[in-house]
Amino acid sequence: MEPQTDREWGFRTRALHAGARPDPTTGARATPIFQTTSYVFEDTDDAADLFALQKYGMIYTRLGNPTVSAFEERIASLESGIGAVAAASGHSAEFLAITALAGAGDHIVSSSHLYGGTITMFSNTLANFGIETTFVDPTDPEAFAAAITPNTKVMFTETIGNPSGAIADIEALADVAHAHGLPLAIDSTFATPALCRPIEWGADIVIHSATKFIGGHGTSLGGVVVEAGKFDWGSGRFPKFTEPVPSYNDLRWWDNFGEYAYCTKLRAEQLRDVGAAMAPLNAFLFLQGLETLDYRMVGHVANAEAVAQWLDSDPRVAWVHYAGLPDSPHRELAAKYLPAGAGAIFTFGLGGGRETGSRFIENLQMISHLANVGDAKTLVLHPASTTHSQLSDEQLAAAGVGADMIRLSVGLEDLDDIIFDLDQALTGAQESS
Amino acid sequence: MAERASIDGWTPPSPNQRRAILDRSKSVAIVGASSNPARASNFVITYLLSSSADLDIYLVNPREEEILGQPAFGSLDDLPVVPDIVDVFRRSEDLPAIAEEAIGVGASVFWAQLGIWSPPAARMAAAAGLDVVMDRCIKIEHARFHGGLHLAGFDTGVISARRR
């Protein structure tokens, strides 16, 4: 019997160890990459028990994989959740998380300040399936309350809005959701569990694009859904949890699995049916990323704060929206929910509209122009012509995206070099105008 | 799990205490065992009978002859052994009577499944020296410490540099 204490291990310790004890067969200390599609059964009874969820184990990598399990347990631990289900991308994680709760005729209340791709998923694909979304101002919890209908199944927002930078008042939103018997789901990609753990403020479901800071290397797509294990799915508002499930011998998710019901259903129904599973190699790379997440976020935040201040004091820059700046309208909420820093992704404008913005981006030498954030490298983007280009003008305005907005994801390069590149590109943008 | 008021004379066992309870137990009597595959008890029994768990399982239900190929006994008194754990799938109001039976046969653990909660039963069993677990699934707790929950993506709380 090994020594076991009830110690509450620290964040950095769990970032290295949670979900990844040594391999029992080989003793391998690093988590092995289980690059296999499937797993032999002990016998036919074993196979039947596994398929009926009557025992835990591996069947097929679409439903689970030991390398992916290590990643899932680690992120669940870091987010203070009960468990996690990994997905092929952050986007598929959102789709799984929502469709576990809502079907045709159901309704979502969502922040309007979301990543453009999430807005199109909600207003296009989910709408095609008969799930209606009402978009509201994320800074107004009462607006969420006012939009709730008898068919609403979930409230959705982002911890730090992409790209507007609005900070969610998580505690107030959770209170509104719970007062109406609803779960609060929150995409916390921009914050990471190093800066904010929404479950500790009352959120029920936390979603990440692991592609961003969790990996940090910009090599791999992945997403994950974490659940708190505290929500009452047996209230009657969620018949999907309390009615018999024919494909699993009429078991009931809530009766059989209690606090484990949401994650179990998410894997056994949504991941089974949608098939958006995380690749084992990607799970391995995300495990490597999580090991250093806390240290990297310290560096990202330090650089981002310094760069934001430098831009804010430069006369060539019309405006900077970063919740870490003293004059930000989101400063108070950032201090409450993100005391170690308001992340490393923010926006600024050059005035002069779309043209000046384009010239600025084309004059950058080291900073990469691409459609991603949360890489160790500094990245830049013009949302109005890229990530948010499929939105109507009204949706653009509602999402807080102006024509001259530049989004910066501040990386871990030397601060002087980041500022050097921004400086020379600002000059270049003005000279050619 | 819903928030529960505290109970005088009983503290819910910590994860490691639950692990120790399971590690030192060899036999489990399931009170309220059902032959209906849609019932949680049937689901849990299937797991406990499978290769996942190394436990002797005894099923108690006076209205059944046989469940999942195992004989069903009329009461705890009818069992051929003294079970280490009495695991209950019955309504909370039935618990004090079952706790009394469990104490009577000399069981060492009184365990009530998810959603089942009885302060009088807990006080009675704890006062008689039994370990008491309530509102917990024995399958989930077994799987927490034997790798099943880990494989299903749940946080087990286990941090270890040991091979096993």
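Trainee: At what angle do the axes of helix 4 and helix 11 of chain A cross?

Mentor: This is a predicted model. In it, the axes of helix 4 (residues 90-99) and helix 11 of chain A cross at roughly 125° and come within 10 Å. That makes helix 4 of chain A oblique to helix 11 of chain A.

Trainee: And in which hand does helix 4 of chain A pass helix 11 of chain A?

Mentor: Helix 4 of chain A passes helix 11 of chain A in a right-handed crossing.

Trainee: Which residues make the contact?

Mentor: Helix 4 of chain A brings A:Ser92, A:Phe95, A:Leu96 and A:Thr99. From helix 11 of chain A come A:Leu266, A:Gln270, A:Leu271 and A:Val274. By class, this contact has five nonpolar and three polar residues, and no charged ones.

Trainee: Now the two chains. How many residues does each give to the contact?

Mentor: Chain A gives 44 residues and chain B gives 36 residues.

Trainee: Which elements of chain A give two or more residues to that side?

Mentor: There are helices and a strand: helix 1 (11-17), helix 2 (44-51), helix 3 (66-78), strand 1 (83-87), helix 10 (253-257) and helix 11 (261-274) of chain A. The largest share, six residues, comes from helix 3 of chain A.

Trainee: What classes of residue are on that side of chain A?

Mentor: The side of chain A that touches chain B has 15 nonpolar, 15 polar and 14 charged residues.

Trainee: Switching to chain B. How are helix 3 and helix 4 of chain B set to each other, parallel or antiparallel?

Mentor: The axes of helix 3 (residues 95-105) and helix 4 (residues 119-127) of chain B cross at roughly 15° and come within 8 Å. The two helices are therefore roughly parallel to each other. Helix 3 of chain B passes helix 4 of chain B in a right-handed crossing.

Trainee: What meets what there?

Mentor: On helix 3 of chain B, B:Leu95, B:Pro96, B:Ala99, B:Glu100, B:Ala102 and B:Ile103 take part. They meet B:Pro120, B:Ala121, B:Met124 and B:Ala125 in helix 4 of chain B. By class, that contact has nine nonpolar residues, one charged residue and no polar ones.

Trainee: How many residues of helix 5 of chain B are buried?

Mentor: Seven of the eight residues in helix 5 (residues 138-145) of chain B are buried. Among them are B:Ile138, B:His142 and B:Phe145.

Trainee: What do those buried residues pack against?

Mentor: Their partners in chain B include helix 1 (15-24), strand 1 (27-31), helix 2 (40-49) and helix 6 (148-151). Helix 5 of chain B is followed by B:Gly147, which has a positive phi, near 95°.

Trainee: Back to chain A. What is the strand order in the open sheet of five strands?

Mentor: The order is 8-9-12-11-10 in chain A, and the pairing is mixed. Strand 8 (319-321) and strand 10 (368-369) of chain A are the edge strands, since each pairs on one side only.

Trainee: In which sense do strand 11 and strand 12 of chain A pair?

Mentor: Strand 11 (residues 379-381) and strand 12 (residues 405-409) of chain A pair in the antiparallel sense, over three bridges. A:Leu379 stands opposite A:Ser409 in strand 12 of chain A.

Trainee: Last one: is A:Asp404 buried or exposed?

Mentor: A:Asp404 counts as buried because 20 other C-beta atoms lie within 10 Å, and the cut-off is 20 or more. A:Asp404 lies in the loop between helix 16 (393-398) and strand 12 of chain A. A:Asp404 and A:His382 are 22 residues apart in sequence and 7.7 Å apart in space, C-alpha to C-alpha.

Methods. Residues are numbered from 1 along each chain as its sequence is written. Chains are lettered from A and ligands numbered from 1 in the order in which they are written. This is a predicted model: local features need pLDDT of at least 70, side-chain atom pairs count only at pLDDT 80 or more; totals for chains, interfaces and linings use all residues. Two residues are in contact if their C-beta atoms, placed from the backbone, lie within 7 Å. Helices (H or I, at least four residues) and strands (E, at least two) are DSSP runs, numbered from the N terminus. Ala, Val, Leu, Ile, Met, Phe, Trp, Tyr, Cys and Pro count as nonpolar, Asp, Glu, Lys and Arg as charged, and the others, Gly among them, as polar. Two strands pair if DSSP finds at least two bridges between them. A residue is buried if 20 or more other C-beta atoms lie within 10 Å of its own, exposed if 12 or fewer, and partly exposed in between; C-beta atoms are placed from the backbone. Axes are lines fitted to C-alpha atoms, for helices over the stretch in contact, and angles run from 0 to 180 degrees between N-to-C directions. Angles under 35 degrees count as roughly parallel, over 145 as roughly antiparallel, 65 to 115 as roughly perpendicular and the rest as oblique. A crossing is left-handed if the near helix is turned anticlockwise from the far one by less than a right angle, and right-handed if clockwise.
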